[in-house]
Every structure is written in C-alpha cells, then in structure tokens.
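Reader: I'm new to this one and would like to learn how to read it. Could you walk me through it, feature by feature?

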Amino acid sequence: MSDMSFKQAKELVEKLELTELTLKKSTDDIDKSSKKFNEALKMQEHLLKLMQEKDKKLDVLKLLVVLNVGFIGGLLAGVFLFK
C-alpha cells in the first residue's frame, strides 16, 4: 500500500464511491420493486375475494334460471295436457 501513488489512491476512491452509489441505487430499486410487488399481491388478494363473491352470485343466478325454466315448463305442460 505504501507504494501506491496519489493518483492510484484517487482512482481507487472514485471506484469505491461509484460502487457505493451503484449499490445505493440498486437497494432503492429493490425497495421500490418490493413495494410494488406487495401492492400487486394485495390487489390479487382483493380480486380473489371479489371472484368468490361473484361465484356465489352466479350460483344464485343459475338456481333462479333453473327455477324459472322449470316454472315455465310446468305451465306449458299444464296448458297442453289439460286442454
């Protein structure tokens, strides 16, 4: 180390500073990505809850359609059979 010139020491310090800046930028980018990922997970969780509610509503709708078709079929059968 004692054989290092001032110019070499200056270059080494500049490289270390550049490395430090790069690491800081990388950690900042990782933090931002992590926050966005967490937000995306929360949104997906919310969508899954909504899909469950939608499925329940669709099941009720299917039941109502079947009941209406059965009722109309019964009316038509009654009309044609008891004419």
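Author: Let's start with a pair on the helix. Lys-24 and Asp-28 both sit in helix α1, four residues apart, which is about one turn of the helix. A helix here is a DSSP run of H or I with at least four residues, numbered from the N terminus. Keep in mind that this is a predicted model, where local features need pLDDT of at least 70, side-chain atom pairs count only at pLDDT 80 or more, and totals for chains, interfaces and linings use all residues. Residues are numbered from 1 along each chain as its sequence is written, and side-chain values use heavy atoms, with hydrogens and water left out.

Reader: What do Lys-24 and Asp-28 form, and how far apart are the closest N and O atoms?

Author: A salt bridge is a side-chain nitrogen of Lys or Arg within 4 Å of a carboxyl oxygen of Asp or Glu. Lys-24 and Asp-28 form one, with their closest N and O atoms 3.7 Å apart.

Reader: How many salt bridges does a search of the whole structure find?

Author: Three. Lys-25 pairs with Asp-29, the closest N and O atoms being 3.1 Å apart. The side chains of Glu-45 and Lys-49 make a salt bridge too, at 3.8 Å from N to O.

Reader: Why are Lys-25 and Asp-29 separated by about one helical turn?

Author: Because they are four residues apart in helix α1. Glu-45 and Lys-49 are also four residues apart in helix α1, so about one helical turn separates them.

Reader: Is Lys-25 buried or exposed?

Author: The general idea is a scale of relative accessible area: buried is under 20%, exposed is over 50%, and partly exposed is in between (1.4 Å probe, protein chains only). Lys-25 counts as exposed because its relative accessibility is 52%.

Reader: Which residues form the negative surface patch?

Author: Patches use residues with over 30% relative accessible area and no salt bridge; like charges are joined within 9 Å, and nonpolar side chains (Val, Leu, Ile, Met, Phe, Trp, Tyr) within 5 Å. For charge, Lys and Arg count as positive and Asp and Glu as negative, while His and the chain ends are not counted. The negative patch here is formed by Glu-11, Glu-14, Glu-17 and Glu-20. Glu-20 belongs to helix α1, and at 55% relative accessibility Glu-20 counts as exposed.

Reader: What makes up the nonpolar surface patch?

Author: Phe-71, Ile-72, Leu-75, Leu-76, Val-79 and Phe-80 make it, covering about 640 Å². Ile-72 is found in helix α1, which runs over residues 6–81. Val-79 has its place in helix α1 too, and at 49% relative accessibility Val-79 is partly exposed.

Reader: How far is Val-79 from Ala-9?

Author: Their C-alpha atoms are separated by 103 Å, and the two residues are 70 apart along the chain. For another pair, take Leu-41 and Leu-61: they are 20 residues apart in sequence and 30 Å apart in space, C-alpha to C-alpha. Leu-41 lies in helix α1, and with a relative accessible area of 39%, Leu-41 is partly exposed.

Key. Accessible areas come from the Shrake-Rupley method with a 1.4 Å probe; for residues, only the protein chains shown count as cover. Helices (H or I, at least four residues) and strands (E, at least two) are DSSP runs, numbered from the N terminus. The place of a charge is taken as NZ of Lys, CZ of Arg, CG of Asp or CD of Glu.
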